[in-house]
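This report describes how the chains of one model meet and how some of their parts are built. Please look at the structure first.

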Protein chains: 2
Amino acid sequence: MKHFMMACGVLVALAVAPDSTLTQVRTWRTQHEMAILRELFDLLSLPNVATNQGDMARNADALTQMLARRRFTAEILPTSGSPVVLAERRAPNAVRTLTFYFHYDGQPVDPREWTHGPPFTPVVVTGPAADARTLTLAQLTGPIDGEWRIYGRSSSDDKSPIVAFLAAIDALDASAAPLTSTVRVILEGDEEAGSPSLDAIVRAHGDRMRGDALMMVDGPRHASGRTTLNFGARGVMAAVITVYGANRDLHSGNYGNWAPNPALALARLLASMKDERGRVTIAGFYDDVVPLTAAERRAIEEIPDVEPSLMRAFGFSRQENASQRLELWHNQPALNVNGLESGTVGGQGRTIIPADASARLDVRLVKAIDPARQFERIVAHVRAQGFFVADAEPDAAMRAAHPWIARVTRVGGYPAGRTSMDLPIAASIVKALSDAAAGPIVRLPTLGGSLPFYVFSDVLKVPTFGLSVVNFDNNQHGPNENLRIENLWGAVESMAALLTMP
Amino acid sequence: MKHFMMACGVLVALAVAPDSTLTQVRTWRTQHEMAILRELFDLLSLPNVATNQGDMARNADALTQMLARRRFTAEILPTSGSPVVLAERRAPNAVRTLTFYFHYDGQPVDPREWTHGPPFTPVVVTGPAADARTLTLAQLTGPIDGEWRIYGRSSSDDKSPIVAFLAAIDALDASAAPLTSTVRVILEGDEEAGSPSLDAIVRAHGDRMRGDALMMVDGPRHASGRTTLNFGARGVMAAVITVYGANRDLHSGNYGNWAPNPALALARLLASMKDERGRVTIAGFYDDVVPLTAAERRAIEEIPDVEPSLMRAFGFSRQENASQRLELWHNQPALNVNGLESGTVGGQGRTIIPADASARLDVRLVKAIDPARQFERIVAHVRAQGFFVADAEPDAAMRAAHPWIARVTRVGGYPAGRTSMDLPIAASIVKALSDAAAGPIVRLPTLGGSLPFYVFSDVLKVPTFGLSVVNFDNNQHGPNENLRIENLWGAVESMAALLTMP
């Protein structure tokens with residue numbers, strides 16, 4: 001029966017016991033879809049690019065009121081950036097405290113790139129076909145197809161999880177099922193900028209955030225479409241490397257094959273950082289990696305293999321290294337070139353030897369790798385390739401003293417975090433989410449992307465989990481960010497399951 | 001006496017026989033400096049970016065009138081780009097026909113980058129010091145210091161040579177010295193765009209351009225400051241290489257160290273093109289090089305060694321390869337990275353695996369190297385590094401069939417030209433210019449930069465020479481292009497010497 005249920009969503013729904021909490025939640029949701037969407041649309045209509053402080057204050061106020069309506073006590077904490085909202089709702093006879101983390105800021109937008117209207121005017125689009133309709137909320141009459149999508153900045157990342165969470169509270173309040181946990185909420189406003197204040201806020205106000213478990217609700221589901229529970233997330237750090245040639249652009253005819261060419265030198269330097277099989281050749285890069293446990297390996301083995309379909313969708317035919325599957329690579333540190341910049345390439349071009357050449361690298365970190373130490377390994381590698389590593393723009397004396405000069409600048413960064421799969425609370429969470437999904441969920445030891453997971457797992461020292469509920473193909477961070485409506489409904493049920501865990 | 005004369009310009013001037021043609025020219029010039037500058041300023045005030053056809057027509061008209069005032073018959077020939085002006089003035093008892101080539105177009109400008117006012121409002125600046133005055137022509141009263149500079153687009157490249165040439169004609173007409181040559185003039189308007197029409201114009205109208213020798217007057221003097229005669233110029237060709245990864249930018253956390261990174265692949269490809277000593281490793285790259293003759297080698301040996309001072313000025317301490325001097329390298333083909341472009345480097349950056357990465361290379365060619373053949377060698381090298389070379393944007397089928405795809409696009413290009421140093425006319429020209437300079441000139445077998453030299457040397461089949469008269473540090477092609485006024489006066493004398501060669 002189980003296999004049949006997994007293969008057919010409609011039957012699964014019918015198969016849930018009619019009097020269960022989940023059935024009551026689903027029934028309530030089907031009766032309140034417009035109200036849920038209205039709350040989401042109102043929230044999406046508030047611009048939330050974190051550099052605009054006024055906008056962020058308006059978001060924080062709105063969220064505080066939304067929480068207060070659900071009987072949360074909420075407080076706005078100022079930071080050096082956007083405010084953090086902390087909230088709590090005590091449950092009588094609570095068996096634990098459960099903390100939920102969301103972020104309410106969104107990535108910067110370029111409205112000209114958005115196809116279905118401006119990014120802060122959310123709309124429903126009725127399908128991918130050319131004749132799909134684009135509807136405002138007022139135009140949305142009649143039944144709502146779960147395959148339709150809501151377009152708008154933060155529709156997936158990360159406002160819909162907030163609205164799903166609040167809808168789950170509403171559904172449970174309307175049902176006979178009480179919350180089994182005291183619930184705490186953390187709403188951050190600078191996640192897309194790398195969470196620069198979160199560590200300090202957690203150190204200062206940790207006692208009001210701590211729980212028996214903390215759910216970071218963010219990011220898309222695994223490409224298989226299953227509800228996804230992350231037990232960790234990679235850390236991240238960027239490094240900008242600039243290689244210097246002459247102190248100005250030189251005419252490539254007069255000085256080509258005589259003056260040093262920093263673009264070529266940068267190419268050589270980057271080429272020296274990875275071997276042909278994609279293994280990073282920087283000394284010590286993998287030294288601190290903690291191997292996966294048997295349980296972690298097993299969790300990965302249970303995940304459907306999505307690589308062939310991903311590769312088809314992304315249009316490439318060979319992985320950097322096919323010796324292990326994608327989800328295993330996420331448990332290794334990575335080094336990746338994000339960008340190159342030197343001279344001019346497009347248009348009429350300029351026949352110059354550029355004065356300098358720069359690359360931006362991002363370095364993904366896994367459990368137990370220290371960002372500062374990993375950065376020093378990169379610097380040591382640059383030195384070992386024959387560069388003098390400068391900590392400022394080179395002056396004439398430095399230029400006279402060293403044939404090759406590079407500058408290596410670290411940009412931000414934080415470490416990884418990883419929670420053990422063996423904790424009893426982990427088993428409870430997996431069971432609740434699997435029951436709500438009526439089938440297996442994806443369990444990732446480490447999310448490939450980066451979240452400030454460590455702040456909760458290692459600074460606050462709370463068993464921390466990442467829950468991903470939105471559709472995989474949501475155009476997160478780009479134009480045309482969207483949410484598949486069925487994922488919103490699924491999220492309501494996942495949240496309700498967590499809130500009523502025995 | 002000769003050495004002393006070379007070391008002291010003022011004494012040299014006095015040392016010229018008082019009744020010589022050069023003395024008469026110099027005397028005439030000192031009496032007409034303001035008139036010469038007025039003609040130059042008027043010409044510099046006409047914008048001459050070749051993409052603006054109206055501007056180019058105005059320049060061609062003005063030049064035609066300037067030539068007509070000196071009794072040239074002039075004609076404007078339309079091309080697919082800017083018009084070419086052809087002119088001729090017959091000399092009674094001419095011993096030969098001498099053709100002069102100049103170009104009247106200038107590089108594109110960004111007025112915001114110009115320090116002394118807009119690029120088409122020429123001014124005189126009285127020195128490099130902070131308290132230097134910036135003067136309009138009307139404000140220029142009293143004696144003119146030859147060290148002062150004229151700022152404006154094309155002040156050096158290439159309008160002042162035209163005005164110097166016309167002033168030399170005026171000076172000779174005012175003297176007792178007749179022109180010894182029938183003089184022909186070619187004024188091109190698309191040189192900065194790579195002379196796309198020149199070859200066709202020469203093939204169609206060569207009979208009206210041909211002479212016993214052709215002087216291409218363009219470019220700066222050798223860094224030693226001496227009058228510079230080029231016997232050839234390198235050819236040039238650009239190649240844009242794009243390496244493709246996925247069909248879109250991918251999240252570097254989700255897909256880093258799994259999806260192929262085209263920025264790193266491009267770095268590897270570029271690194272494969274040159275060895276550590278700067279030698280191009282592309283098979284066949286040097287195959288067709290014609291070695292320098294003994295006379296050519298001797299000419300280079302006689303040039304002052306400017307490398308240490310150039311390296312100090314340019315702020316680097318080691319050449320790409322120090323095994324031979326700069327002027328010898330100019331007789332070798334070169335490959336140089338002009339620019340790199342991929343993803344984002346600056347600002348907050350984007351943590352992506354970029355969809356593609358591009359580099360622009362320029363390839364300098366020397367005598368006997370065919371541009372098309374050299375381009376094919378580059379393509380073959382890219383193939384040999386494991387890339388499928390596409391001739392269009394890759395589609396899904398191509399992406400599925402090939403793990404690595406690159407596109408290599410040739411941009412323009414023309415071959416090199418080189419005239420023998422052993423021709424009798426070469427000896428006459430060297431003597432005339434050395435006499436005018438009252439000292440040795442620099443003779444370069446091949447100019448490092450590129451000029452459409454081959455059009456005259458190899459298509460028109462006329463002994464062709466490049467004459468460079470403007471100051472080396474003229475900011476050619478950049479903002480703040482300038483002319484040291486003394487170089488203008490020197491140019492008048494060089495031209496007069498050529499026009500009166502026995």
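Through which surface do the copies meet, the same or a different one? They meet through the same surface, because 99% of the interface residues of chain A are also interface residues in chain B. Two residues count as being in contact if their C-beta atoms, placed from the backbone, lie within 7 Å.

This is a predicted model, in which local features need pLDDT of at least 70 and side-chain atom pairs count only at pLDDT 80 or more, while totals for chains, interfaces and linings use all residues. Residues are numbered from 1 along each chain as its sequence is written, and chains are lettered from A and ligands numbered from 1 in the order in which they are written.

**The two chains**

The contact involves 70 residues of chain A and 69 residues of chain B. On the side of chain A that touches chain B, the largest share, nine residues, belongs to strand β12 (residues 334-343) of chain A. Strands here are DSSP runs (E, at least two residues), and helices are DSSP runs too (H or I, at least four), numbered from the N terminus. β12(A) pairs with strand β12 (residues 334-343) of chain B in the antiparallel sense over five bridges. Two strands pair if DSSP finds at least two bridges between them. In this pairing A:S342 stands opposite B:L340.

**Domains of chain A**

An automatic or database assignment sets the domain bounds. In chain A, domain 1 covers 2-97 + 117-231 + 419-499 and domain 2 covers 235-292 + 331-414. Their centres, taken over C-alpha atoms, are 39 Å apart. Six residues of domain 1 of chain A are in contact with eight residues of domain 2 of chain A.

**Strand β14 of chain B**

Ten of the ten residues of strand β14 (residues 356-365) of chain B are buried, so β14(B) is largely enclosed by the rest of the structure. A residue is buried if 20 or more other C-beta atoms lie within 10 Å of its own, exposed if 12 or fewer, and partly exposed in between. Both faces of β14(B) are covered, with B:D356 among the buried residues on one side and B:A357 among those on the other.

| Strand pair | Number of bridges |
|---|---|
| β10(B) and β14(B) | ten bridges |
| β12(B) and β14(B) | seven bridges |
| β4(B) and β6(B) | three bridges |

The bridge partner of B:G235 in β14(B) is B:L365, and B:A334 stands opposite B:R364 in β14(B).

**A loop residue of chain B**

B:P440 is found in the loop between α15 (424-437) and β18 (442-444) of chain B. Is B:P440 buried or partly exposed? B:P440 counts as partly exposed, because 17 C-beta neighbours lie inside 10 Å. Not counting residues up to four places away in sequence, B:P440 touches B:R226, B:E302 and B:S434. The C-alpha atoms of B:P440 and B:V411 are separated by 39 Å, and these residues are 29 residues apart along the chain.
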